[in-house]
Amino acid sequence: MKQLLSVLFLSALLAACGSKAETSPFVNVEGGHFVRNGQPYYYVGTNFWYGAILGSEGQGGDRERLCRELDEMKRMGIDNLRILVGSDGQRGVTTKVEPTLQEAPGIYNDTILAGLDYLLQEMGRRNMLAVLYLNNSWEWSGGYGFYLEHAGEGKQPRPDVDGYPAFMNAMSKFASNERAHQLFYDHVKFIISRTNRYTGLRYIDDPAIMSWQIGNEPRAFSREALPAFEKWLSEASALIRELDPNHLISIGSEGSWGCENDYACYERICSDNNIDYCNVHLWPYNWGWAKPDSLIENLPRACANTREYIDRHLAICDSLGKPLVMEEFGYPRDGFSFSPSATTQGRDGYYKYVFSLVAENAEQGGKFAGCNFWGWGGFAVPKHEQWQVGDPYTNDPAQEAQGLNSVFSTDTTTLAVVREQVERMNKVRNITNENN
């Protein structure tokens with residue numbers, strides 16, 4: 001009864017919000033909740049960073065597979081995809097995604113641009129939504145290091161060669177490097193001002209885009225850089241808003257983990273008027289909550305830490321009146337195996353727990369509106385543990401073992417957990433829609 005009353009209250013709130021949500025083809029935020037076509041929008045999504053590459057007709061392109069993957073996700077009720085706009089820099093780097101979109105500042109690979117156009121066309125046809133991220137703090141798609149290098153900082157260290165301490169120390173310079181920022185802003189202007197060659201729609205007019213995201217896991221990489229980091233995020237979001245008044249804007253933050261464990265910083269960057277909703281990521285293995293040799297045994301600790309982490313961020317979202325999306329979370333296969341045939345008891349348990357937190361909060365009218373699990377490997381069959389040019393794309397980027405965190409079409413037990421969550425979130429949608 002408590003859940004039903006909470007959802008009914010949300011329906012009444014949305015009904016009183018006026019005509020904006022009723023007439024807009026874009027996802028909006030009303031009363032701290034997502035609204036699409038005048039109705040509350042809750043979703044189960046996934047990460048599909050390689051979608052634009054699959055959509056191309058150049059190296060790495062496979063439009064037949066792309067359409068097959070989209071059809072399968074749509075069939076399952078997965079309708080929200082978090083996607084990399086494109087990789088930056090030269091090709092031939094072992095741990096970097098390729099082909100790259102931006103080979104040098106302002107020099108673009110047109111086949112990837114066409115791939116992004118095609119992807120958005122096909123998503124629009126299936127009534128699916130894209131969250132497009134424009135930058136990356138990590139090396140696997142260029143990002144920070146690419147812009148620093150072209151801003152005059154010289155060749156940037158890479159974790160696989162120089163180690164993470166050297167890499168993170170170098171990346172901490174991005175927060176205050178105005179030349180690097182300007183190069184990034186030029187890229188933002190180029191992408192957001194684009195017109196889709198297949199649909200004829202300007203990107204700013206395309207309802208298949210839910211949100212522009214400043215970057216994938218943007219970080220300051222040092223506490224000293226936090227003030228400059230906050231300033232940069234504010235400038236970037238203001239530019240995106242100036243270019244595109246129609247779409248939502250999000251940061252792509254991991255939460256406090258991406259703010260040097262400073263919750264006050266997270267609250268400040270999320271409170272910016274140009275930021276429409278909040279993000280959080282969760283990686284129990286990466287963060288030391290679960291060990292490779294005891295993933296199933298460590299599951300209770302991973303879940304307990306997850307609950308604490310989520311609760312603290314939800315409290316901030318409640319105070320700001322903004323929705324929260326868990327847009328990345330993953331758990332390795334049992335035994336830390338990379339084989340698609342390995343069991344996924346630990347992952348299934350973790351997914352089920354995370355999904356329960358999202359659904360329970362949504363059923364009570366809370367701010368938890370959606371989740372994008374990491375991530376969709378679909379019909380790919382990895383050829384090598386280390387990705388090589390010509391291998392099929394999984395959702396494990398080139399710097400990670402192929403099969404580490406991807407969910408393949410053969411992972412029947414994991415997909416059953418996903419389908420259960422889709423059905424649960426659909427019930428929330430249906431109740432609110434019936435009473436709106």
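Here is a short tour of this predicted model, going from selection to selection in your viewer.

**Stop 1**

Start by selecting residues 28-30 and 39-40, which are strands β1 and β3. They belong to an open sheet of three strands, ordered β1-β2-β3, and the pairing in the sheet is antiparallel. β1 and β3 are the edge strands, so to speak: each pairs on one side only. What holds strands of a sheet together? Strands pair through backbone hydrogen bonds, and they can do so in parallel or antiparallel fashion.

**Stop 2**

Next, select residues 209-213, which is strand β9. Is this strand enclosed or open? Five of its five residues are buried, so β9 is largely enclosed by the rest of the structure.

Leucine 132 has tryptophan 212 in β9 as its bridge partner. Then bring in β10, residues 248-250, which also pairs with β9 in the parallel sense, this time over three bridges. Here, serine 211 has leucine 248 in β10 as its bridge partner. To follow the chain from β9 to β10, trace it through helix α10 (residues 226-243); this β-α-β crossover is right-handed.

**Stop 3: a glutamate in the helix**

Stay with helix α10 and pick out glutamate 230, which sits in it. Is glutamate 230 buried or exposed? Its relative accessible area is 18%, below the 20% cut-off, so glutamate 230 counts as buried. Show its side chain together with that of arginine 268, and you'll find a polar contact between the two at 2.9 Å. Beyond its neighbours within four places in sequence, glutamate 230 is in contact with Cys265, Arg268 and Ile269.

**Stop 4: the nonpolar cores**

Which residues have the most contacts inside the largest nonpolar core? Select Phe48, Trp49, Trp232 and Phe329: those are the ones, in a core of 119 residues. Zoom in on tryptophan 49 and look past its neighbours within four places in sequence: its contacts include Arg82, Leu84, Trp140, Trp374 and Pro397. Finish with a second, separate core, which has 11 residues, among them Phe34, Val131, Tyr277 and Val325.

Definitions and conventions: Residues are numbered from 1 along each chain as its sequence is written. This is a predicted model: local features need pLDDT of at least 70, side-chain atom pairs count only at pLDDT 80 or more; totals for chains, interfaces and linings use all residues. Side-chain values use heavy atoms; hydrogens and water are left out. Two strands pair if DSSP finds at least two bridges between them. Helices (H or I, at least four residues) and strands (E, at least two) are DSSP runs, numbered from the N terminus. Buried means under 20% relative accessible area, exposed over 50%, partly exposed in between (1.4 Å probe, protein chains only). A crossover is right-handed if, with the strands pointing away from the viewer, the path from the first strand over the helix to the second runs clockwise. A nonpolar core is a set of buried Ala, Val, Leu, Ile, Met, Phe, Trp, Tyr and Cys residues joined through side-chain atoms within 4.5 Å. Contact means heavy atoms within 4.5 Å. A polar contact is a pair of N or O atoms within 3.5 Å; within protein, one must be able to donate a hydrogen and the other to accept it, and residues adjacent in sequence count only if both atoms are side-chain atoms.
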